Amino acid sequence: MTIKDLRILPPFAIGRLGSAPEPMDNYTIEDDPDHPLGFRRLAGAPTFVVDERSGEIRETRDGSPEFKQDGRIRPVAPFLEVFAVTADDVLEPLTLDLLRRHELDETKVSWRAVVANRKVVRRTGNEDDLVSADTKWFSGHARKRLEGHCNNFAKSTDFIDFGHVRYIKPTTQFPHIRLRFTPARGLIYGPNRTDGEPDPVIPESRAIYGENKGWLGFGATEPEGFRNETLPPSLYAISSPAPTWLHNNVAISRGYLDDACDGFVEVRLMVAGKELTAAARICAAPPVVVPDSLFVRSLADDLDQAIHGPGVAHDEDDAAVRARAEDIVRRAYETVRFMNVAVMNGNSFKGRQALLLDSMPEEEAAGTQRAIRPVMAPGTVDTLAIMTLHEQVFAALRGRAAPWFVRLLRRPDEVADFTDRGRRKMPALMCGADNNYLALTWRQIETIRKAGEQSLFEPAPETPPPPDKLVPRNLSAQLLYKAAGNPVSSTPVTAVANCCPGLEVDFRAVWRRLLKGIELREYDSLVVNVDAGYDKLKGHRLLRVFPPGDDKGIPVVTRIVGPASSDTTAKMYLTTDANPAGLAPLEWSNALAPILKYKGSRVRCQFTRDEAWELEDLQDPEEGAFIVELEVRSFFDDDTAVISRALADAGELTQGLCSPWQNDYRECSCYYWASARPDYVNVEATPSGLSTGDNWLQKERTGDYVPDDYVDTRLILYDDLFKRWEHWLRIQVGGKDVPDPPASEHKKKGAA
Amino acid sequence: MMRYRIYGDRRASPEKKRPEMTWRDHLAMLLHIGAEIEHSLMVQYLYAAYSLGGEQVPPEHRAMVSRWQAHILAVAKEEMGHLLTVQNVLTLIGAPINLDRQDLPWDAPFYPFPFQLERLTLDSLACYVYAEMPAEGHTAIADGKHPRAAFLQRITKRATRRIVGVPHRVGELYDEIIGLIGDTDRIHESLFLEHTYASQAATDDWGRGYQPDPRLVDAGGTLVKPSGKQAGPSPEAHVMIDRVATRRQAIDALTALSLQGEAPEFLDGNNELSHFDRFFEIYEQLEKFEGADWQPSRPVAVNPTTLKDADHPHHGGYISAKHSREWASLFNLRYRMLLRYLAHTFRLARVVRPDSPNLRAMVMHRVFGEMYNLKTLAGILVRLPLRDGHKGELAGPPFEMPYTLHLPASELEVWSSHSDLVGSSQRICITLLKSGAGERDYLAALLDLDHQARSWIDGIVKGLRPTERPAA
């Protein structure tokens with residue numbers, strides 16, 4: 001056999017930040033057979049111990065899922081393995097033996113890592129704010145630090161430490177060619193101030209951003225002309241009182257940056273005179289604080305839809321479809337269990353008006369300038385009861401009942417339906433990537449619909465679904481591949497997908513350049529940049545895309561509807577002065593999924609007649625709308641499961657996230673990602689039959705939930721997180737706080 | 001409000017009331033019968049729906065059979081709405097609710113046909129169509145002018161051939177009830193207890209999204225006509241549960257309920273399917289396959305029962321296969337739990353505040369949980385044998401009524417009885433698991449749920465006030 005091509009797997013690996021010196025052990029999450037509805041069990045898995053001096057894997061030991069060490073969070077440092085395509089349908093590990101058979105050895109393998117942090121660039125629009133690191137090609141086994149340099153740092157020698165990569169030295173015992181990415185410690189960097197006022201958070205060693213370079217104080221003056229704001233707006237540490245919406249939307253930057261990043265690792269090998277390369281994406285993300293629960297819609301779901309399209313093929317294995325449907329429902333209750341459903345529903349809390357607390361109904365009221373209304377009948381919403389109901393649905397699916405609730409799932413084009421009927425659809429009470437009510441992916445919905453479609457007629461299969469084969473053409477298997485030694489938290493199943501802006505990545509960014517010639521804003525259909533020859537489209541809004549043969553087209557915007565004021569059986573379009581057409585953009589991941597299969601082909605695209613930089617510029621979007629044909633880019637790089645570099649370069653997948661990311665854990669509420677950034681913890685039933693628990697952000701655990709108004713001093717505030725996030729972001733297992741483990745021997749001996 | 005012609009002569013008939021009863025009492029009795037009929041129909045429709053399917057259905061007909069099942073399940077859901085609306089009217093007049101079900105009084109006035117749990121066939125379907133049919137003499141069909149008249153007469157003939165005695169339309173009872181409620185001489189204004197409104201069952205709680213899509217209006221409130229061709233009637237269920245505070249509201253609610261059952265869509269061109277419409281459509285389609293070599297439904301037993309009693313009228317449906325009988329017992333138990341939780345919600349409604357999470361709503365969620373259990377267990381039972389060693393006939397969900405639905409007097413006893421039932425379920429599940437039954441994943445999940453339920457109930461019991469506990 002001949003090495004024809006290379007792949008790096010997994011094609012997307014997530015590192016998790018943490019300052020503990022020892023990376024997280026390998027672990028998995030498994031069902032508990034004695035309590036199938038309970039929390040998943042964390043199980044240690046074989047963990048590689050890398051010799052610090054030689055770079056070899058010294059041994060494998062049993063992993064232990066301990067997330068902290070001496071009060072510090074253990075980083076997740078994923079391995080990335082090289083595979084060789086040796087035949088059309090064969091993907092096999094690149095090992096010392098395979099190299100030898102080609103008269104090669106491990107010294108002939110070289111690596112390169114390029115990562116960046118573009119968060120400040122995204123806000124300022126100034127490319128001099130780009131922080132990037134490039135190891136250049138290397139073949140040695142020493143650590144290669146990822147030094148993030150920036151034109152706007154005070155000194156050319158200043159850098160942000162993004163962590164390091166290491167080419168693991170293969171041995172006879174561990175012959176697979178692999179690289180390890182160890183992310184940074186979760187530090188915050190800031191401005192190099194010369195005004196004598198010390199920053200309360202940034203030590204001198206990390207005060208590296210040039211004082212007058214624009215990031216410190218950004219937002220103090222009104223922009224001249226159009227500012228390409230993020231959604232949500234600002235999303236950075238501010239010196240003006242935070243949060244902005246309680247203080248006249250003034251957001252003056254403190255000039256903070258973080259050590260999160262995203263980018264590529266590449267491998268190179270000459271085989272028979274031909275240079276073979278492969279790439280994979282990496283990112284550094286916040287830690288998983290709820291390791292035994294998964295969110296109802298993950299990045300894996302969205303990537304699965306990008307691969308397979310929005311439907312479910314008729315020949316997909318029934319057992320596999322059913323297993324996926326059960327998994328979605330299970331993740332639904334794993335999410336709900338961390339929400340204080342009564343508060344999220346828009347109920348008042350101990351007499352306090354719901355308008356003063358953060359929830360989707362409150363967001364909806366603010367956005368439409370209508371009175372706040374609870375989503376469901378206020379008396380019916382208790383977390384434990386709602387969770388039990390979801391568990392009951394899951395149990396029914398396990399009993400092979402056909403899913404009866406498909407009509408109760410919110411379609412992705414119904415996210416701006418604010419009637420009671422619309423808001424009560426599932427998933428309920430949560431926010432999607434378009435800042436409206438969350439919908440599952442089309443493929444998830446179709447999976448649930450199809451599961452059990454045949455169960456009415458056929459006996460249920462007794463055998464479990466066949467495992468996905470790891471072959472070159474099976475992109476799903478490659479995407480979900482877990483390299484040896486990698487904990488599950490390094491995989492896309494643990495990353496959230498309703499990116500507004502997201503936690504691991506802002507997946508909205510990937511879609512901006514899907515149509516060649518234009519760049520759309522990541523959260524709506526405004527054309528913000530164009531290539532030469534497409535100038536007439538800049539500032540216009542995309543309304544609809546027409547796949548070949550489709551005259552109706554796929555809308556990428558919808559109209560906001562809500563209840564008519566005086567007729568409970570009627571609905572009407574909701575408009576405001578700021579949005580006279582009542583338009584709501586639809587998230588890209590669902591809206592554009594149907595056109596991915598037309599990669600390389602041209603599709604007709606409908607744009608507004610006039611420029612509409614702000615929604616208030618748009619009175620009648622359809623009037624005079626015109627058509628332009630644009631080519632659809634490929635979502636993945638050729639024959640791989642790597643998201644195309646043309647869609648997002650290094651740093652672009654994380655550029656929309658908060659700067660620093662710690663800001664987001666204070667600023668974004670749980671109705672985004674309840675099982676990733678929880679709200680309701682230590683929940684128990686009371687003698688009244690209702691639930692009680694703590695707010696995850698409560699400093700003191702009293703069992704008496706403190707609702708979040710962003711300024712309550714009983715809750716963790718911004719600076720608390722900036723200074724001691726590893727202390728305050730408490731890990732949850734079994735729905736309860738995990739106490740810090742006892743001090744290690746290393747610390748007890750007071751080692752330097 | 002659907003706009004239909006008024007059907008039937010709705011004056012109260014004095015000769016139908018027993019002399020020892022007041023008119024209010026008579027009205028309460030009629031409503032009780034109404035509730036029992038709704039309950040009976042719902043269960044029979046569910047059984048028919050669950051019987052549909054099986055490997056014997058040719059692939060080219062499976063989409064059609066799935067649609068039939070969806071239609072019948074929609075009817076069953078709507079019957080649930082009717083049942084709750086009738087309970088609301090009972091509450092309005094200060095009468096006790098009635099969740100009971102009489103299987104055998106069919107020869108009493110109003111019962112449409114003998115109670116029979118059976119697979120869906122043309123014969124059983126004819127009975128359903130007939131029961132939901134609009135009043136003869138008030139439709140263009142019966143006077144032969146409508147193109148479908150002959151077809152409907154054929155259905156009537158098949159239904160009446162099957163029923164010994166006088167079959168009835170469901171609408172006849174509601175005509176009687178509505179007439180009596182509207183009789184201001186016999187039912188005085190003071191009999192309507194407006195204050196009970198807040199404690200009645202509401203669509204907001206029980207409707208679960210089974211309502212029609214709101215109509216689009218403009219900023220001035222004027223209906224916006226949809227562009228393009230108007231879609232046909234929606235096949236989705238429309239669960240109507242009306243709370244009632246006045247005589248007029250009670251009349252309107254019961255009229256709507258009655259029309260949802262019987263008003264034919266093709267007569268008035270409204271955009272909702274009545275029960276009659278749905279059954280009629282299925283009948284039209286199924287009749288084309290009469291005599292074909294396949295059946296749309298599985299060979300489930302007629303009136304399956306867990307009772308081995310030669311004198312029992314349903315003895316022919318005795319589930320003698322031990323495994324199947326254990327599953328059937330579990331089904332009966334969960335059915336009982338559903339009805340008890342439902343009854344409990346009506347009691348709790350009087351003592352909770354609806355504007356914040358409350359115990360009544362938590363119990364209501366348990367009602368829905370039990371519905372999901374019944375759905376799952378029915379799906380299992382329609383695949384299990386009726387008798388060991390006999391593959392030909394299958395069991396089916398028995399829907400056997402418990403010996404009583406009365407709740408104990410005190411809250412403590414009610415919760416303790418809930419706990420008892422959960423414990424019984426756990427014992428059956430463990431027995432099934434130990435005997436190597438299939439569906440182990442479901443049994444394990446149900447056990448887990450029941451374990452949680454008992455902990456929850458135990459917590460509530462401990463929290464009950466000392467006055468609610470028996471004296472030491």
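Is Asp258(A) buried or exposed, and what is its relative accessibility? At 0% relative accessibility, Asp258(A) counts as buried, where buried means under 20% relative accessible area, exposed over 50% and partly exposed in between, with a 1.4 Å probe and protein chains only.

The structure is a predicted model, in which local features need pLDDT of at least 70 and side-chain atom pairs count only at pLDDT 80 or more, while totals for chains, interfaces and linings use all residues. Residues are numbered from 1 along each chain as its sequence is written, chains are lettered from A and ligands numbered from 1 in the order in which they are written, and side-chain values use heavy atoms, with hydrogens and water left out.

Helices (H or I, at least four residues) and strands (E, at least two) are DSSP runs, numbered from the N terminus. Lys119(A) is buried too, with a relative accessible area of 1%.

Strand β18(A) also belongs to an open sheet of 3 strands, in the order β17-β16-β18 of chain A with mixed pairing. Two strands pair if DSSP finds at least two bridges between them. β17 (207–210) and β18 (257–258) of chain A stand at the edges with a single partner strand each, so one side of each has no neighbour in the sheet. Between β16 (residues 188–192) and β18 of chain A the pairing is antiparallel, over 2 bridges, and Tyr189(A) has Leu257(A) in β18(A) as its bridge partner.

Another open sheet has 5 strands in the order β2-β20-β19-β11-β12 of chain A, again with mixed pairing. Its edge strands are β2 (12–16) and β12 (131–134) of chain A, each of which pairs on one side only. β2(A) runs parallel to its partner β20 (residues 274–285) of chain A, over 5 bridges, and Gly15(A) stands opposite Ala284(A) in β20(A).

Over all chains, the salt bridges number 86. One of them joins the side chains of Arg61(A) and Asp25(A) at 2.8 Å, N to O. Arg61(A) sits in strand β6 (residues 57–62) and Asp25(A) in the loop between β2 and β3 (27–30) of chain A, 36 residues apart. Arg61(A) is partly exposed at 28% relative accessibility, whereas Asp25(A) is buried at 3%. In chain B, Arg360(B) and Asp205(B) meet in a salt bridge of 3.0 Å, N to O. Arg360(B) is buried at 8% relative accessibility, and Asp205(B) is buried at 12%. A network of salt bridges links Asp31(A), Arg40(A), Asp301(A), Asp327(A), Arg330(A), Arg331(A) and Glu334(A).

And the cysteines? The count comes to 0 disulfides over all chains, a disulfide being a pair of cysteine sulfur atoms within 2.5 Å. For Cys283(A), the closest cysteine sulfur is that of Cys261(A), 8.0 Å away and therefore too far for a bond. Cys283(A) is buried, at 1% relative accessibility. Cys431(A) is in no disulfide, with the nearest cysteine sulfur, in Cys500(A), 4.9 Å away; Cys431(A) is buried at a relative accessible area of 0%.

How values were computed
A salt bridge is a side-chain nitrogen of Lys or Arg within 4 Å of a carboxyl oxygen of Asp or Glu.
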